[in-house]
Amino acid sequence: MLLNPAILALLTVSAVVTFLMAMAAVFAVHVLRHWDIGSGSERQLRLEHRTYLISTLVAFSFVAEIVSLMLFVYNAEAMHTQFVGAMCATGVLNANAWGWPALFLKIAAFFAARSG
C-alpha cells in the first residue's frame, strides 16, 4: 500500500514541507536574536534579503499543503477498495485512529495557508 503513487506523493510533500518549515524556524530564531532595524550593517542587510527567500519558501509550503489536501481527499476516496468494509472515504478514514486527525490537520493547514 505504501508504493501507491498518491501515498508516495503525500509522503514526499509532507517531508519537503517539514524540511522547509524547519529551515524557516531556524531562520526565525536567527532573526529574533540579531535583528536591528536601525542598523545598516552588512549582517542586517543579509537578514533582510534572506527574509524574502524564507517568505517565498513558506508560501511554497502553503501552496503545497493546499494541493496535498486535495490529493489526500482523492486518495482517501480511491483507497476504499483496499480495506474490507470500507465503501467510501469515510470507511478509509475510520480504518485506524489516525485517519480523521490527519484530515483535520490537513484542513487546518489549508485554512492557515489561505489566511497567510
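1. Helix α4 gives the most to the lining of the largest pocket, with 5 residues. The model is a predicted one, and the points below should be read with that in mind.

2. The pocket itself holds about 620 Å³ of space. Its lining comprises 22 residues, and those nearest the centre are Ile7, Leu10, Phe72, Asn75 and Ala102. Besides α4, the helices α1 (5–34), α2 and α3 (89–93) each supply at least two residues of this lining.

3. By residue class, the lining of the largest pocket has 16 nonpolar, 4 polar and 2 charged members.

4. Helix α4 spans residues 99–115 and includes phenylalanine 104. This side chain belongs to a nonpolar surface patch of about 400 Å², made together with Trp100, Ile107 and Phe111. Phenylalanine 104 counts as exposed because its relative accessibility is 52%, and the cut-off for that class is over 50%.

5. Histidine 49 sits in helix α2, which runs over residues 42–78. Its relative accessibility is 56%, so histidine 49 is also classed as exposed.

6. How far apart are histidine 49 and phenylalanine 104 in sequence and in space? The separation is 55 residues along the chain and 35 Å from C-alpha to C-alpha. One of these two residues lies in α2 and the other in α4; both helices contribute to the lining of the largest pocket.

Technical notes:
Residues are numbered from 1 along each chain as its sequence is written. This is a predicted model: local features need pLDDT of at least 70, side-chain atom pairs count only at pLDDT 80 or more; totals for chains, interfaces and linings use all residues. Side-chain values use heavy atoms; hydrogens and water are left out. Patches are made of residues with over 30% relative accessible area and no salt bridge: like charges are joined within 9 Å, nonpolar side chains (Val, Leu, Ile, Met, Phe, Trp, Tyr) within 5 Å. Accessible areas come from the Shrake-Rupley method with a 1.4 Å probe; for residues, only the protein chains shown count as cover. A salt bridge is a side-chain nitrogen of Lys or Arg within 4 Å of a carboxyl oxygen of Asp or Glu. Helices (H or I, at least four residues) and strands (E, at least two) are DSSP runs, numbered from the N terminus. Buried means under 20% relative accessible area, exposed over 50%, partly exposed in between (1.4 Å probe, protein chains only). On a 1 Å grid over the protein atoms alone, a cavity is a set of points where a 1.4 Å probe fits but cannot get out, and a pocket is an open set with protein on both sides within 12 Å along at least five of seven lines; lining residues have an atom within 4 Å of a point. Grid points are joined across faces, edges and corners, and a volume is the space filled by probe spheres set on the points. Ala, Val, Leu, Ile, Met, Phe, Trp, Tyr, Cys and Pro count as nonpolar, Asp, Glu, Lys and Arg as charged, and the others, Gly among them, as polar.
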